[in-house]
Amino acid sequence: MRWLLGNWAFLQLRQFIAYKAEATGVPVVLVDPRNTSRTCSVCGHCARENRKSQSQFHCQQCGFEANADFNAARNLKARGECSDALLCRLEGHASNQAQAPVL
């Protein structure tokens, strides 16, 4: 099963998600995933040393500990909320410009 899921093309997966989300009216916001697994979701400290193992995150600055995937998901959520808020502000102020794409 892992082999099957590991061979998905990310662009194709993104297209499937966008298609299904549009069909149900759910917005999709793309974010840059770089360093989300190394950055503390509490204090923002980013360091390679924050990842003690594949599954454990421990911030060297503030001491926050969590499952690494959970910490990265919190960072992705925060980036998405920030991007979504920026997109909403841009759309509200740009009356004569083309609207920014959702995807």
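Modeller: A salt bridge is counted where a side-chain nitrogen of Lys or Arg lies within 4 Å of a carboxyl oxygen of Asp or Glu, and the structure, a predicted model, holds 2 of them. In this predicted model, local features need pLDDT of at least 70 and side-chain atom pairs count only at pLDDT 80 or more, while totals for chains, interfaces and linings use all residues. Residues are numbered from 1 along each chain as its sequence is written, and side-chain values use heavy atoms, with hydrogens and water left out.

Colleague: What makes the pair Arg34 and Asp32 a salt bridge?

Modeller: The side chains of Arg34 and Asp32 meet at 2.5 Å, N to O, and that value falls within the 4 Å limit, so the pair qualifies.

Colleague: Why is Arg34 called exposed, and why is Asp32 called partly exposed?

Modeller: Buried means under 20% relative accessible area, exposed means over 50%, and partly exposed lies in between, with a 1.4 Å probe and protein chains only. Arg34 has 60% relative accessibility and is therefore exposed, whereas Asp32, at 34%, counts as partly exposed.

Colleague: How do you know that Glu81 and Lys77 form a salt bridge, and what separates the two along helix α3?

Modeller: Their side chains come to 2.8 Å, N to O, which is within the limit, so Glu81 and Lys77 are counted as a salt bridge. Because they stand 4 residues apart in helix α3 (residues 68-93), about one helical turn separates them. Glu81 has a relative accessible area of 44% and is therefore partly exposed, while Lys77, with 53%, is exposed.

Colleague: Why does the phi of Asn35 deserve a remark?

Modeller: Most residues other than glycine have a negative phi. Asn35, which is not a glycine, has a positive phi near 65°, and its place is in the loop between α2 and β1 (56-58). With a relative accessible area of 37%, Asn35 is partly exposed.

Colleague: Why are Phe10, Leu13 and Ile17 called a nonpolar patch?

Modeller: Patches are made of residues with over 30% relative accessible area and no salt bridge, where like charges are joined within 9 Å and nonpolar side chains (Val, Leu, Ile, Met, Phe, Trp, Tyr) within 5 Å. Leu13, found in helix α2 (residues 10-24), is partly exposed at 33%, so it passes the 30% limit. Together the three residues have about 320 Å² of accessible area, by the Shrake-Rupley method.

Colleague: Which residues make up the largest nonpolar core, and what makes it a core?

Modeller: Cys40, Phe57, Cys59, Phe64, Ala66 and Ala68 make it up, 6 residues in all. A nonpolar core is a set of buried Ala, Val, Leu, Ile, Met, Phe, Trp, Tyr and Cys residues joined through side-chain atoms within 4.5 Å. In soluble globular proteins, nonpolar side chains tend to be buried together. Buried residues make up 19% of the 103 residues in the chain.

Colleague: Why is Asn71 called buried, and which residues does it touch?

Modeller: Asn71 lies in helix α3 and has a relative accessible area of 0%, which means that it is buried. Contact means heavy atoms within 4.5 Å; leaving out residues up to four places away in sequence, Asn71 touches Thr36, Thr39, Cys40, Ser41, Phe57 and Phe64. With the same exclusion, Ala66 touches Ser55, Gln56 and Phe57.

Colleague: What makes Phe70 partly exposed?

Modeller: Phe70 also lies in helix α3, and its 46% relative accessibility therefore makes it partly exposed. The C-alpha atoms of Phe70 and Ser55, 15 residues apart along the chain, are separated by 9.4 Å.

Definitions and conventions. Areas by Shrake-Rupley, 256 points an atom, 1.4 Å probe, with all protein chains shown as cover.
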